[in-house]
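Work through the exercises below with the sequence and the structure at hand. Try each task before reading its solution.

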Amino acid sequence: MAATVHYPTTNASFLKATLAVTWKDLAAEFRSRELFSAMLVFSLLVILIFNFALELDIATRQTVTAGVLWVTFAFAGTLGLNRSMAVEKDRGCLDGLLLAPVDRAAIYFGKVISNLVFMLIVEAIVVPVYSFLYNVNLFNAGLLLVILLGSIGYIAVGTLLASMAIQARTRDVLLPILLFPVVVPVLIAAVKASEGFLTGSDFSTIYSPLSLLIGYDVIFIAIAFMVFDYVVEE
Amino acid sequence: MITVQKLVKRFGMKTVLRGLDFEVQPGEFVAILGPNGAGKTTFLRILSSLSRPSLGAVSVAGYRLPDQAASVRARLGVVSHLPLLYGDLTAEENLRFFGRMYGISNIDSRITEVLEMIGLASRRRDLVRTFSRGMQQRLAIGRAVFHDPEVMLFDEPYTGLDQDASAMLDDVLRSVAAQGRTVVMTSHDLMRAEELATRFDILSRGMITASATRKGLGRSNLLTFYKKALAS
Amino acid sequence: MQSKPSALKILDVASVLALAVAIYLALIYAPEEATMGQVQRVFYFHIATAWVGMLGFVAAAVAGIAYLRTQNPKWDIAEVAAVEISAVFFFITIVLGSIWARPIWNTWWTWDPRLTTAAITELIYVAYFMLREGVEDPDRRARFGAVYTLIGSLSVPITFFSIRLFRTIHPVVIGSADPSATGTFAMVPGMQVAFFFALFAFTVIFIDLFWNRIRMGQLAAKVEQLKLNLMH
């Protein structure tokens, strides 16, 4: 073993660090699949419960599809967010991340990407299942776009708030309470745009909620990027 | 290598560190001893850049905290009593992850090197959650040493380890220190500290109240020194 | 700052007087509205309390940003004061909105965008206090409060617009300028006096409450400090 001490040859670039965090989350989840199976089972149960709670005839189904989907995603999303951040907190791993010579925001973005991937995978399963159970054609490019944009906004804010929630005593219940009132615009715009795409409406009616979604995503990613340091540092 | 002047740390209105002065030369192995609640962990967290000083000047490896924290972190290896490892990843994957976060270029060979050093080469592809506490602690040291830091901080590394594991940890610590690194370790375990460290500082009620080098102690017992320092 | 500054004492008196005058103007001076009758008088206070709610909302946002930039605890005290006042006044707004809605539309709640946004804002405030409640460290608590305030203050206006634009089933009803919506009315001069004075009076009340509440916060902080001093 050499007695000389040498320094790392390069400092991790922002992008590399972000992707490292994402890879780490995905690899760990691929092994245990705890988070993913919890989210998936929960989503399917919610869809099922909707079936029994709301006696939907074929006509009504058309109008509530967007709403039912988004309620499902919103609730399942909190499960994923909670679990994803809890892993870091429980074994002190967050400190390990903070000790690395990288910008804190890289940790944030890394987590946003991995959380987003989890959410999108769940959605990718739920949408066909719903389609199958209720005989509604959901394979609509516009709908998928809305789901993507809405999920981005939800996860961007959710990751930031989850980082705070797990540091509080009441951690499990706190995240939905913090998240839902603040993510209302995403739900409203996403449902509106989804309906628009599903009913084949004129693009001019869809344009507005779609641009609101994009605007929300941009604003909150920017804010989270600026503010994340304050949330994790001591 | 480490210079601390009049360090004050407050949590809200509670003051934990009260104007602490501390200095470590390159290559020294300093053991910080003291009763619970004295502020040892808080102090180490500040040195490791995880916590910000409320007042005072801190510099590690020539860089100021908290302004130049990123430069400090690149030269710092930290082991705490929590393993800071991901249970669902293998030993190799854990090291690879941290290697990437530190921007190490020759990761594969470095992984092999480090696993050899800590005696876990055979457990390379095993999930960390199957490791015993002692093995996790050794891997934690591997992680901390991966980027060849000049300075290492150990916060109560022997917590929860049995005799065998502690003995293995001794060996690893000795080899790590022998590589010319500067080490600061907090510990409850006076016996172990006595064997490893070159200098002993007592932290009591937020300040360093006494300091003695191994040579300075001479024949007298570390325990006696410790008790005397706390009594005053 | 042991005793109340005289400016504040004067303000206290001025607030009470202004409130009394506003009540007189609204309940007695202003003419009765043709279609809706006496219940329309609620409108003066409904808008005025909503106005105070918004003042508090903006004050909280400003204080939050100021805290994040300066880390000065006085901004945190101001933020908490602003949120509390805003929470109370939005609640009154909602209650008054219900009192108005019942006789006019035979319903306790209208999903009018402004009312709905006020309700969502209330939920954000509740979440705010729950977040603070769950954090021990005062510095962290203040930081989290400021971050959440920032997020909330950006989200609420977007929420308002999204409801207004996309929830077509629930139009703006209360006091809207749209002549086709039920519940609108034209304001004759007598009403205008009552309306604008109510806004003025409640602004004075807001400043008075805000100042008092900040003072309370500062005194509470002082008590904490004294308690800690005693313990050592």
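This is a predicted model: local features need pLDDT of at least 70, side-chain atom pairs count only at pLDDT 80 or more; totals for chains, interfaces and linings use all residues.

**Exercise 1. Chain C as a whole**

Describe the make-up and the extent of chain C.

Solution. Step 1. Count the elements: chain C contains six helices and zero strands. Read from the N terminus, the order is therefore α-α-α-α-α-α.

Step 1. The C-alpha trace of chain C spans about 70 × 45 × 25 Å along its principal axes.

Step 2. State the burial. Chain C has 232 residues, and 41% of them are buried.

Step 3. Look at the contacts in chain C with a separation of 6 or more. Of these, 76% join residues 24 or more positions apart.

**Exercise 2. Where chain C meets chain A**

How many residues of chain C are in contact with chain A?

Solution. Step 1. Count both sides: 25 residues of chain C are in contact with 25 residues of chain A.

Step 1. Find the helices on the chain C side. Helix H4 (113-133) and helix H5 (138-166) each supply at least two residues. H5(C) gives the most, with 15 residues.

Step 2. Sort the chain C side by class: 18 residues are nonpolar, five are polar and two are charged.

Step 3. Take the pair H7(A) and H4(C). Their axes come within 9 Å and cross at roughly 150°. This angle makes H7(A) roughly antiparallel to H4(C), and the crossing is left-handed.

Step 4. List the residues that meet. From H7(A) they are A:Leu174, A:Ile177, A:Leu178, A:Pro181, A:Val182 and A:Val184, and from H4(C) they are C:Ile120, C:Leu123, C:Ile124, C:Ala127, C:Met130 and C:Leu131. The contact of H7(A) with H4(C) has 12 nonpolar residues, no polar and no charged ones.

**Exercise 3. The largest nonpolar core**

Which residues touch the most other members of the largest nonpolar core?

Solution. Step 1. The core has 210 residues, and the two that touch the most other members are A:Val157 and C:Ala198.

Step 1. Find the main contributor. Helix H7 of chain A, residues 171-198, gives the most to this core, with 16 residues.

Step 2. Follow the contacts of A:Val157, leaving aside its neighbours within four places in sequence. They are A:Leu179, A:Val182, A:Val183, A:Phe220 and C:Ile151.

**Exercise 4. Where chain A meets chain B**

Which helix of chain A gives the largest share of the side that touches chain B?

Solution. Step 1. Count both sides: 30 residues of chain A are in contact with 33 residues of chain B.

Step 1. Name the helices. On the chain A side, helix H1 (14-32) and helix H4 (93-99) each supply at least two residues.

Step 2. Pick the main one: H1(A) provides eight residues, the largest share.

Step 3. Sort the chain A side by class. It holds 16 nonpolar, seven polar and seven charged residues.

**Exercise 5. Backbone details in chain B**

Solution. Step 1. The peptide bond from B:Leu65 to B:Pro66 is cis, with omega near 0°. B:Pro66 sits in the loop between strand E5 (63-65) and helix H2 (69-74) of chain B.

Step 1. B:Lys6 is not a glycine, yet its phi is positive, near 50°. This residue belongs to strand E1 (residues 2-11) of chain B. B:Lys6 counts as partly exposed because it has 14 C-beta neighbours inside 10 Å.

Step 2. B:Ala61 also is not a glycine and has a positive phi, of about 55°. Its place is the loop between strand E4 (55-60) and E5 of chain B. With 19 other C-beta atoms within 10 Å, B:Ala61 is partly exposed, because a buried residue needs 20 or more.

Methods: Residues are numbered from 1 along each chain as its sequence is written. Chains are lettered from A and ligands numbered from 1 in the order in which they are written. Two residues are in contact if their C-beta atoms, placed from the backbone, lie within 7 Å. Helices (H or I, at least four residues) and strands (E, at least two) are DSSP runs, numbered from the N terminus. Ala, Val, Leu, Ile, Met, Phe, Trp, Tyr, Cys and Pro count as nonpolar, Asp, Glu, Lys and Arg as charged, and the others, Gly among them, as polar. A nonpolar core is a set of buried Ala, Val, Leu, Ile, Met, Phe, Trp, Tyr and Cys residues joined through C-beta atoms within 7 Å. A residue is buried if 20 or more other C-beta atoms lie within 10 Å of its own, exposed if 12 or fewer, and partly exposed in between; C-beta atoms are placed from the backbone. Axes are lines fitted to C-alpha atoms, for helices over the stretch in contact, and angles run from 0 to 180 degrees between N-to-C directions. Angles under 35 degrees count as roughly parallel, over 145 as roughly antiparallel, 65 to 115 as roughly perpendicular and the rest as oblique. A crossing is left-handed if the near helix is turned anticlockwise from the far one by less than a right angle, and right-handed if clockwise.
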